[in-house]
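Have a look at the sequence and the model, then try each task before reading its solution.

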Amino acid sequence: MYQNMAKSYHHIRQNYGKVALVESEMPDNPILFFSQWFDEALKDQLPDANAMVLSTVYQNKPSSRVVLLKAIEQNSLVFFTNYNSRKGREIASNPQVSVLFFWTQHERQIRIEGRVEKISEEYAEDYFISRPLESQAAAIASNQSEKINNKAELIQRYEHILMEADSIKRPVHWGGYQLIPHYFEFWQGGANRLHDRMIYELTDQNWQISRLSP
Ligand SMILES: Cc1cc2nc3c(=O)[nH]c(=O)nc-3n(C[C@H](O)[C@H](O)[C@H](O)COP(=O)(O)O)c2cc1C
């Protein structure tokens, strides 16, 4: 039915340029600048401001998915997931990842690249038990990224776990990662496609700031 389907989206054009990125106001530490932009996103209640596209590379093939940023800790970005998931397996073989935020209302894109490490068991435990019981049960019921026969099977497992709520424990394969960045790009939409792109690169423990052509 969709053979030879052709649709053009050339007519979609968005003009940017609400705000400019002022270089002189950028701090030496990109995490500080990131948290400044993040606070602005939260203040304006941007939808899913903490949703970031996480890309991993396995055997030279990239794959992407959304995860939620849950904390900034000691200059790293923390997210939670299942270590046995596809992303978990890919990270185990290659800890180099990138994350991407796109906040359309603020005309901002942030690209961050770095290496991920598992967070401590204690940290994973603290976060796991802070989640609603239903989320804890779902985390246990779901063998994330594994094929399943049908949804009923999953729901049955979930309900069974919830019924025995007293014995819910964090599975060892559920935890989190911290992304230790070595590259940031802050993109601010500009008028007539003359966007601002400022990057921070880590060399010899120092962050170097440069401007890129849009
Ligand atoms: C808005 C949004 C937030 C999500 N947050 C998370 C998250 O924090 N952790 C997580 O493991 N998956 C999260 N997911 C689901 C992932 O995108 C993905 O489907 C899942 O982690 C399995 O990915 P994988 O098979 O590549 O490992 C989220 C999805 C969306 C759309």
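**Exercise 1.** Does Trp187 count as buried or exposed, and at what relative accessibility?

Solution. A word on the ground rules: this is a predicted model, in which local features need pLDDT of at least 70, side-chain atom pairs count only at pLDDT 80 or more, and totals for chains, interfaces and linings use all residues. Residues are numbered from 1 along each chain as its sequence is written, and side-chain values use heavy atoms, with hydrogens and water left out.

Step 1: recall the cut-offs: buried means under 20% relative accessible area, exposed over 50%, and partly exposed in between (1.4 Å probe, protein chains only). Step 2: apply them. Trp187 has 13% relative accessibility, so Trp187 counts as buried.

**Exercise 2.** Describe the aromatic pair that Tyr16 and Trp187 form.

Solution. Step 1: the rule. Rings of Phe, Tyr and Trp (its six-membered ring) pair if their centres lie within 6.5 Å; planes under 30 degrees apart count as stacked, over 60 as edge-to-face and the rest as tilted. By this rule the count comes to 20 aromatic pairs. Step 2: the geometry. The rings of Tyr16 and Trp187 are 5.6 Å apart centre to centre, with 85° between the planes, an edge-to-face pair. Step 3: the location. Tyr16 sits in the segment before α1 (30-43) and Trp187 in strand β7 (residues 174-188), so the pair links distant parts of the chain, 171 residues apart. Helices (H or I, at least four residues) and strands (E, at least two) are DSSP runs, numbered from the N terminus. Step 4: the surroundings. With 24% relative accessibility, Tyr16 counts as partly exposed.

**Exercise 3.** Which parts of the chain does the pair of Phe80 and Tyr123 tie together?

Solution. Step 1: Phe80 and Tyr123 form an edge-to-face pair, 5.9 Å centre to centre and 85° between the planes. Step 2: Phe80 belongs to strand β4 (residues 76-82) and Tyr123 to helix α3 (residues 121-130), so the pair joins parts 43 residues apart in sequence. Step 3: Phe80 is buried, at a relative accessible area of 13%, while Tyr123, at 25% relative accessibility, is partly exposed.

**Exercise 4.** How do the axes of helix α4 and helix α5 cross?

Solution. Step 1: take the axes as lines fitted to C-alpha atoms, for helices over the stretch in contact, with angles from 0 to 180 degrees between N-to-C directions. The axes of α4 (residues 133-141) and α5 (residues 151-163) come within 9 Å and cross at roughly 130°. Step 2: classify the angle. That makes α4 oblique to α5, since angles under 35 degrees count as roughly parallel, over 145 as roughly antiparallel, 65 to 115 as roughly perpendicular and the rest as oblique. Step 3: list the contact (heavy atoms within 4.5 Å). Leu133, Glu134, Ala137, Ala138, Ile140 and Ala141 of α4 meet Leu154, Arg157, Tyr158, Ile161 and Leu162 of α5.

**Exercise 5.** Where is Ile110, and what does Ile110 touch?

Solution. Step 1: Ile110 is in strand β6 (residues 108-118). Step 2: Ile110 counts as buried, at 0% relative accessibility. Step 3: not counting residues up to four places away in sequence, Ile110 touches Phe34, Trp37, Val99, Leu100, Phe101, Trp103, Glu185 and Phe186. Step 4: of these neighbours, Trp37 and Phe186 also belong to an aromatic cluster with Phe33, Phe184, Tyr200 and Trp207.
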